Amino acid sequence: MNHKMPLGADYTPARTVFRLWAPRASGVLLQRFTCGSDDEPGAFFLGETQMEALEGGYFQAVLYGNLKNQYYQYFITDCAGMDTWSADPWALACGVNGNRSMVVDLASTNPVGWSQDRGPALNGKAPVIWEAHVRDFSGDPRSGVSLKHRGTYLAFTEQDTTLDHAGVVPTCLNYLKQLGVTHIQLQPIYDYCTVDERKAMQGYNWGYDPLNYNVPEGSYSTDPFHGAVRVRECKEMIRAIHQAGLGVIMDVVYNHTYDFHSWFQRTAPGYFYRMMPDGTPGNASGCGTETASENPCFREYMVESVLYWAQEYHIDGFRFDLMGIHDVETMRLIRKRLDELPNGKQILTYGEPWSALPPAMPKGIYPANKEALKKLDVHMGIFCDDTRNLLAGSPFEDLERGYGSGKHSPQAAEALRQAVLAWSDPQRGGYARSPAQIVQYVSCHDNFSLWDRLRASKADWTYDKPTPDRLKQNQFIAGIYLTLPGLAFFQSGEEFGRTKYGSGNSYAGPAQLNELQWARTVPFESLVRWYQGLVGLRQELYPYQRMTPSFRKRIRFLEVPGNCVGFTLSGTKKWSRVAVFYNPHQEEQTITLPLGRWRLLCDGEDSSLWQKRQCYRLTGSVTLAPMSVTIFAGI
């Protein structure tokens, strides 16, 4: 059923209304506390209130007076007389480790100037997304971030950070402003289970184990014991990122909960999960707790949760973990409701179009996977594993190489032409409606970093030394996906050879293995400059508002030798047309430019030629460097 009234704790200074949906309960007690746990100084029980049962399985209690910052939980008796306790699934704040909810005055958590805070408008920008983990971002002792803020939300608020505080090599947000990406995608910042917030720096996790969906994670705050602190500091982080000119994308994991004994299960047993005939929940996430997005109450929960983060925290985009577990209608509704917000059309949405195992969906319900992409809004995108596998090889085959790492063939060249069309040409087996639905990438937090991926297929390479042939492969791969239409995405540190020394699944730490090693920006400076030039050039090639379903009509493929790929693109932001060439061979290749005069924008070594005054005017035949991305503009 759809909720007819707001749930959670509705606070005003004069009174707070508590509402819970517990359709199988015979009675609910509201219990209040001074603290989020019993072992904190000043912790004591404030009392309990019998909640009024309303029609439709709702329970309500209205308490007068100012309850700001009080903690609460529900004591629930079901129709069989069994008792359980639960935090509030609709809570907006909580105590340490998320086991008690908190009454929060959201207005008091707003930083100065929060009402004027806005993410940067796309306005023709081509989205380039840099994925980061809050702890990894500043955990490195050489990050230039103060010890008290290292690994926290507030690390993002420190200005002009440099390596070792030496004032020379930029780090953290200071570095990102120079790199030129448009958005930071943050790995989960909602409240999750597997780090003990009482001793946060002794634990580590990526955060894909949800506990309280609408509350920021406490281990990233300077004080996890007072629930308003994490809310305020999360907002301060977002404001700082916005002030740096970048948008914030939130990684959301609605497809499962940490365990089956969640607040959902305690308050509405069996409703929020897809249940198997034997009474166990489905396992499409691989975690044994597959949620049921098609059920109206959970569908509404997902929609309202996304809208809450967009409105209260000014989030600029959402990345949906294992989106193939959710149903098509829910994802369509999320996009529709976001579009109805004043700035909603600026909010990016995309997800993983797969699941760990087949979802246990009822008949007639369709998963939001790659096959369903044509049923989704043109601005609901997917991570394109086809591009990833084509360029770098499958992440599930350690020794497999891709088009960008030495395995090129006529079949691979044809697949790359499909990628150039953003997999949107039905005559070539395309499945997308628009380039805006395709996230072009080769690395993310999962599996190997790109640098480690390249090392896996050549064991004599070291992890730390930027050898010329390996740099060439990395440059070539990045040069391809950063010049393909769609949304560009890369893992933080990919641009300076990020390594986890061969670990492909470091989700539980150690922290030192995951954190960004900012000193690598020095020996990998040439690689950083390569990414920086391409990120800037991309803004001139693929303005977001031109990523329409008719985009592929602006592409013309060229005759090129061997397994090279060449194409022209008309109607870019800055030039009437550009010509792009990918040469995967270890030898030079000679190509003939289309009629006209051309300026060299990128020669395979310098991706910033387009920014320089010198103007190379070329006609006729030109030579492509070995394993290179070469780009020209018509003049």
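Tutor: Two strands pair if DSSP finds at least two bridges between them. Strands (E, at least two residues) and helices (H or I, at least four residues) are DSSP runs, numbered from the N terminus. The model is predicted, so local features need pLDDT of at least 70 and side-chain atom pairs count only at pLDDT 80 or more, while totals for chains, interfaces and linings use all residues. Residues are numbered from 1 along each chain as its sequence is written, and side-chain values use heavy atoms, with hydrogens and water left out.

Start with β14 (residues 247-252) and β15 (residues 317-320), which pair in the parallel sense over four bridges. Across this pair, Asp 251 stands opposite Arg 319 in β15. Both strands belong to a closed barrel of eight strands with parallel pairing, in the order β10-β11-β14-β15-β16-β17-β18-β19. From one strand to the next, the twist averages 30 degrees.

Helix α2 (residues 172-179) packs on the sheet and touches β10 (128-132), β11 (183-186) and β19 (487-491). Its direction makes about 160 degrees with that of β10 (axes are lines fitted to C-alpha atoms, for helices over the stretch in contact, and angles run from 0 to 180 degrees between N-to-C directions). Helix α12 (residues 525-541) also packs on the sheet, touching β10 and β19, and its direction makes about 160 degrees with that of β19.

Now take Phe 318 in β15. Leaving aside neighbours within four places in sequence, Phe 318 is in contact (heavy atoms within 4.5 Å) with residues including Ile 249, Met 250, Val 252, Trp 309 and Leu 348.
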